[in-house]
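Please keep the model open in your viewer and follow the selections below in order.

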Amino acid sequence: MPLPPSQPRKHLHTRQVECHGYEREDGLFDIEGRMTDIKTYDIDNQDRGGQILAGEPIHNMSIRLTMDLDFTIHGVEAVIDDSPFNICPSIASRLKQLEGKQIKPGWNRMLKALFAGSQGCTHLTELLGPIATTAFQATGTARRKREGNSSRPAAAGRLINSCHALSQSSEVVQRFWPESYQPETGDSER
C-alpha cells in the first residue's frame, strides 16, 4: 500500500542506497553497496568547478565487502566517485581496517569507534549498515545448507524478539518455531 497523498510540495533531494549480494566461485561472498545524493537544483561548489548542477551526484560512493559465511571480512574496497570536496576520496582506504573483523552484534558501535569524526566519512559509514543487512539476507540459503537440520533452532535464537512480527508471542513464531512460542499474558496490547 503506498503512502497517502501529501500536501502540495517541491522535490528537492534524492538519496538512493542500493546493495547487492554475490556468491563467489571461491566460496566467499561479495556484498556491494552504492549511495548517491542528488539535488534537483544547482548548488555552488568551489571544489567541483564552481557548481554541482541539478541531477549530478553530490555523493556517489561504493563499498565492496568480501566475507565468509561466519561474516568475517576478508577484503574491503571503497571508492568515492563524486563528493563535495576534493579531499573526500582520500578517506576511503581507511575502510581496510574492517578486514579481519566480523559483522555481528555491536557492528554499528564498532563502526562508530573506528570511523568517528575526522577518522572516517559519515556517508561511507552509513552505507555499511545496509551492507551488513544485505550480507545477512544474501547468505541465508548458504548458511541454512551449512547448518543442515539445526538451522531452525539457530535461526530462532537469532530472530525471536528482534522485531514485532518475530515477537515470541506472535503467530509467526508459533507457526515456524512452536517450541519457542510464548503466548502473551495479561491485558496488554502488542
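Begin by selecting Glu56, which is partly exposed at a relative accessible area of 31% (buried means under 20%, exposed over 50% and partly exposed in between, with a 1.4 Å probe and protein chains only). The model is predicted, so local features need pLDDT of at least 70 and side-chain atom pairs count only at pLDDT 80 or more, while totals for chains, interfaces and linings use all residues. Residues are numbered from 1 along each chain as its sequence is written, and side-chain values use heavy atoms, with hydrogens and water left out.

Next select Arg15 and Glu126, which form a salt bridge with their closest N and O atoms 2.6 Å apart. Arg15 lies in strand E1 and Glu126 in helix H2, so the pair ties together parts that are 111 residues apart in sequence; helices (H or I, at least four residues) and strands (E, at least two) are DSSP runs, numbered from the N terminus.

Finally, select Trp107, which touches Leu65, Leu98 and Leu128, among others, not counting residues up to four places away in sequence (contact means heavy atoms within 4.5 Å).

Technical notes
Salt bridge = Lys/Arg side-chain N within 4 Å of Asp/Glu carboxyl O.
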